[in-house]
Amino acid sequence: MKLVWLVLLTLCSNLALAQNLSGITGQRDHSYNNGNALKGVQKEFPDVKLAISQNSAQINAQYDVAYCKTKGRTLTLDLFEPKGKRNNIIFIFVHGGGWRSGDKSQHHEFAKELAARGYTVLTPEYRLSTEALYPAAVADVKTAIAWAHKRFGGDGQKLAVGGFSAGGQMAAFLGATPNLNFQNYSLCPSEGDFSIDAVVDVDGILAYIHPESAEGDDSKSTSAATYYFGYSKSENPNLWISAGALAQLHKNAPPYLFINSREERMYAGREDFIRILNSFGIYSEVHTFKEAPHSFPQMDRWFLPTVNYIDHFLVKTLSTK
C-alpha cells in the first residue's frame, strides 16, 4: 500500500520543478522499426531474416480495431484469432521502442503464430512519449486490458499481458500493479476488469534506477526514459523508482516468464525481482538466448523458440483445457 501511495504522491509532487514537455512533438518517432532492427542484427548475423509466420491461413485478423475512442483521439489494436479451436487465453502483447518509438505492427508475425495455436492475441497501440508523458502509456494499456476482458471474458477465460523491451517493462509493471488506478490519465476512463493472470516480459527492465540499469544517461542526449517521464532521474528519483515493477511487487502478483537476450542492461532488476517472487511462492521461468541481440524476437533464428517458450508457459500456468 505504501508503494501505491508513493506512485500517486510522486505524480502530484515536484510542483516547483516543472515537467519538461520538450519531448512532446506531436509527431511519431519511427526510428525503431523492424527494418532498422534487422539491419542492426545483420551486421553480426548476416544470414538472419525477419520472421514470417507460416500459419497465416489458419487465423483471422482484424486491423485498427478501436478500443478507446474520443472526440480528439482514437486508440486502436490489431486482433488475431484462430479459425479453428481456441484455448481459454487472451494474450495482449505490447510493442517496444523506448516508450517513444515503435508500432503495434511490430509483432504481427508473432501474434499470428500464437493465434494459430489457439490464442486470442491483441497488439495495442498506446500514446508514445512524443504525444503524452508517463503514465499515459500505462493507462492506455490498462484500457486495452479492460476492453479485452469485456469483449472476450467469460467463465474460464484468462488474460495474459506480455511485451518486448519498453513493452515488456510495461507488462511487468502492470502485472505488479493490478489495483493501481491510472484512470485520471486515461483517454477512456473505465471501471472495467483490469486483472492480469500471467506476465511475459521479453527483455524489459524491472527497475529504472538499479545497479544493472543504464536508463537515464543524459550526458550526450536526452535519454528515452527522461523523455518518458519529463524529468531526469536526478530531478525526480521517486517517480523513476515507483514506475518500475520491482518497487511494486506484491504477494498477489501473477506468474512471470522472462525471455532475454545477451544484453543484461535490458532486464535490469530481474534477479532481485525473482527473489521476491520466490519469497511469495509465485511461479516464474527464465530463458536467455546467450548469443542473441536485443531485437531477437522479430528475427527468424529466435522466433519459434520464443513462441514455444511463451506457449509452454501460458499453457502450464493458465490453460484449463
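1. **What we're looking at.** This is a predicted model, where local features need pLDDT of at least 70, side-chain atom pairs count only at pLDDT 80 or more, and totals for chains, interfaces and linings use all residues. Numbering runs from 1 along each chain as its sequence is written, and side-chain values use heavy atoms, with hydrogens and water left out.

2. **Overall fold.** The protein chain has nine helices and eight strands; helices (H or I, at least four residues) and strands (E, at least two) are DSSP runs, numbered from the N terminus. Its C-alpha atoms fill a box of roughly 55 × 50 × 45 Å along the principal axes.

3. Of the 321 residues, 58% count as buried. Here buried means under 20% relative accessible area, exposed means over 50%, and partly exposed is in between (1.4 Å probe, protein chains only). The chain exposes about 13800 Å², with carbon and sulfur atoms supplying 51% of that area; the areas come from the Shrake-Rupley method with a 1.4 Å probe, and for residues only the protein chains shown count as cover.

4. **Contacts and charges.** Take contacts (heavy atoms within 4.5 Å) between residues at least 6 apart in sequence: 80% of them join residues at least 24 apart. There are 31 positive and 31 negative side chains, and the centres of the two sets lie 4 Å apart. Lys and Arg count as positive, Asp and Glu as negative, and His and the chain ends are not counted. Each charge is placed at NZ of Lys, CZ of Arg, CG of Asp or CD of Glu.

5. **Backbone spots to look at.** Most residues other than glycine have a negative phi, and most peptide bonds are trans. The bond from Y134 to P135 is cis, with omega near 10°, and P135 sits in the loop between β4 (120-124) and α4 (136-152). D64, not a glycine, has a positive phi of about 60°. D64 belongs to strand β1 (residues 59-69) and is exposed, at 52% relative accessible area. W99 also has a positive phi, near 60°. This tryptophan is in the loop between β3 (89-94) and α3 (108-115), and W99 is buried, with a relative accessible area of 4%.

6. **Helix α8.** In α8 (residues 270-280), the buried residues are R270, F273, I274 and L277. Seen down the axis, they fall within an arc of 95°, so they line one face of the helix; the arc is that of the directions from the helix axis to the C-beta atoms. They pack against β7 (256-260) and β8 (284-288). The face turned away carries the exposed residues R275 and S279. After α8 comes G281, with a positive phi near 75°.

7. **Y227.** What does Y227 touch, leaving aside residues up to four places away in sequence? The list is S22, G23, R100, S129, L133 and T222. Y227 lies in helix α6 (residues 224-229) and counts as partly exposed, at 24% relative accessibility.
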